Structure formats: C-alpha cells, structure tokens
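Hello,

Here is the structure I said I would pass on. My notes on it follow below.

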Amino acid sequence: QNASNDTTMSTETQDLEAARAKAKSLMAKKEEIERELKEIDDFLKEKGLGLKGGLVDEQGFPLNDVAKVISAREARGKNARLQNDHKDIMKQIELALFEVHAASKNIKASSPPPSVQHQEKNQEDLSKYNDHQAFAKVNEVSPSSPASLATLRSGDLILHFGSVNHSNHNGLKALSEVVRDSENRSLRVVVKRSDPTASNYVKVLNLTPKKWDGRGLLGCHIIPFP
C-alpha cells in the first residue's frame with residue numbers, strides 16, 4: 001500500500017513540476033514579447049511618430065522620407081502582431097496557472113494530513129509581496145457576488161490578479177481579459193489590506209469569475225491605483 005502511495009505521489013509531483021515548467025516558459029515568452037513591444041514604441045518615439053495616426057511631419061504634410069515611412073509601417077505591423085501574440089500568451093498563462101493549481105490540489109488531496117508544525121513550516125511566506133506594487137483598488141463589492149464569496153473587500157489593493165500585475169495590466173484591460181477568459185475557473189488574487197489591528201498585510205484569495213444574479217462575472221468595482 002505504501003509503495004502504491006509513493007508511486008502516486010511521484011506521478012503527481014512530476015505533473016506539478018511539468019505544469020510549473022510550462023508556466024515558467026510561457027512567462028518568459030510573455031516577457032520577451034513585452035520587451036519587443038517596448039523596443040517598437042521607443043523606435044517610433046525616436047522618429048517622432050506613434051503607434052497610430054498619419055505618417056506626417058510636424059506641419060501635417062506626408063513624410064517624404066520613404067525609408068522612414070517604410071520602417072514606421074513595418075514597426076506598426078509588427079506591433080499589431082505582437083499585441084495579438086501577447087493576448088494569446090496571457091490566455092495560455094492563465095490555463096497553465098490553473099493546471100499548476102489543480103496539480104497542487106491533487107498532491108494535497110493524496111497526502112496524509114500534516115502536523116500543525118509541518119503546516120506552519122510550509123505555509124507560504126507572504127512577506128515576499130511587501131515590496132510588490134499595487135495597480136488597482138477594489139472600490140465596491142456587491143453582497144453574495146463571486147468577489148464577496150472570495151472575501152474580497154472594498155479598499156483592497158490588488159498586487160496580482162492571476163497573471164496580471166502592475167507591469168502588464170495595460171490600463172486594467174489585461175485584467176478584464178483575464179476575467180472574461182477565466183469564467184468558472186479559480187484565479188489567484190493577491191491583495192494588500194489595511195486592518196485596524198495591524199499595519200498593511202497581504203492576503204491571497206481564490207476568486208472564480210462566474211455568472212450570478214448581479215452584473216458582470218465578479219460583482220465588484222475595480223479602479224486603477226494609484
């Protein structure tokens with residue numbers, strides 16, 4: 001019986017490691033795409049142009065520099081392709097993180113109940129989030145909503161929402177996309193909360209976007225921060 005349990009644990013551990021490796025690889029691809037997008041933005045700014053708008057000079061006349069026009073059009077075209085790639089990779093990351101979460105739950109389900117001391121030893125160190133920057137704030141939470149069931153509170157500062165953080169939220173557009181693409185799937189949300197009995201402290205919540213009696217999939221109002 002013990003040998004059977006060990007084999008099961010070994011397989012589930014391998015599944016978890018494979019899921020983590022997949023998520024890590026996708027995150028690296030996402031960062032590479034974001035690096036290329038920044039390079040394109042810097043390139044166009046250097047030429048006095050933007051990602052949109054006509055290719056004209058300061059007086060509003062069409063550019064007569066053919067090479068500059070061609071390079072700008074190529075850069076804009078590449079930017080559009082990379083933006084689509086970024087959307088796709090964000091969806092893949094959400095699925096990969098869901099797989100990591102599921103694999104982790106499988107290991108916990110098949111493990112014998114740990115002692116209190118063991119639980120404390122393996123409890124996640126939330127202090128690592130102390131220096132993480134908030135990018136959004138929960139302005140309102142509706143009663144009986146998915147957000148309320150996840151114990152999200154008005155005033156919570158959002159540090160991470162699934163794979164979205166302060167460096168890639170794109171004016172909260174990425175957050176909206178993650179919510180839409182994660183209906184009925186649990187998302188890991190890390191918030192910083194002010195408590196009367198303590199200084200700012202971090203909470204990790206599991207929020208599942210889904211249809212309910214109210215509007216939207218969350219039942220809360222989130223605004224940019226700061």
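Leaving aside its neighbours within four places in sequence, which residues is I158 in contact with? In this predicted model, I158 is in contact with Q133, A134, F135, A136, V138, V190, V191 and I222.

I158 also belongs to the largest nonpolar core, which has 40 residues. I158, F135, F161, V164 and I222 are those with the most contacts inside that core. At least two of the core residues come from each of α1 (2-46), α2 (66-110), β1 (136-141), β2 (157-161), α5 (173-181), β3 (187-195) and β4 (198-207). The most come from α2, which gives nine. There is also a second, separate core of six residues, with Y129, A134, V190 and V202 among them.

On the charged side chains, the count is 11 salt bridges. One of them pairs K78 with E36 at 3.3 Å, N to O. Because K78 lies in helix α2 and E36 in helix α1, this pair ties together parts 42 residues apart in sequence. K78 is partly exposed, at 36% relative accessible area, while E36 counts as buried at 19%.

D156 and R193 form another salt bridge, at 2.8 Å, N to O. D156 sits in the loop between α4 (146-149) and β2, and R193 in strand β3, 37 residues apart. Both D156 and R193 are buried.

R180 and D181 also meet in a salt bridge, at 3.7 Å, N to O. Here R180 counts as exposed at 51% relative accessibility, and D181 is partly exposed at 23%.

Regards

Notes: Residues numbered from 1 in each chain as written. Predicted model: local features only at pLDDT ≥ 70, side-chain atom pairs only at ≥ 80, totals over all residues. Heavy atoms only, no water. Core = buried A, V, L, I, M, F, W, Y, C linked by side-chain atoms within 4.5 Å. Buried < 20%, exposed > 50% of the residue type's maximum accessible area, 1.4 Å probe, protein only. Helix = DSSP H or I, 4+ residues; strand = E, 2+ residues; numbered from the N terminus. Contact = heavy atoms within 4.5 Å. Salt bridge = Lys/Arg side-chain N within 4 Å of Asp/Glu carboxyl O.
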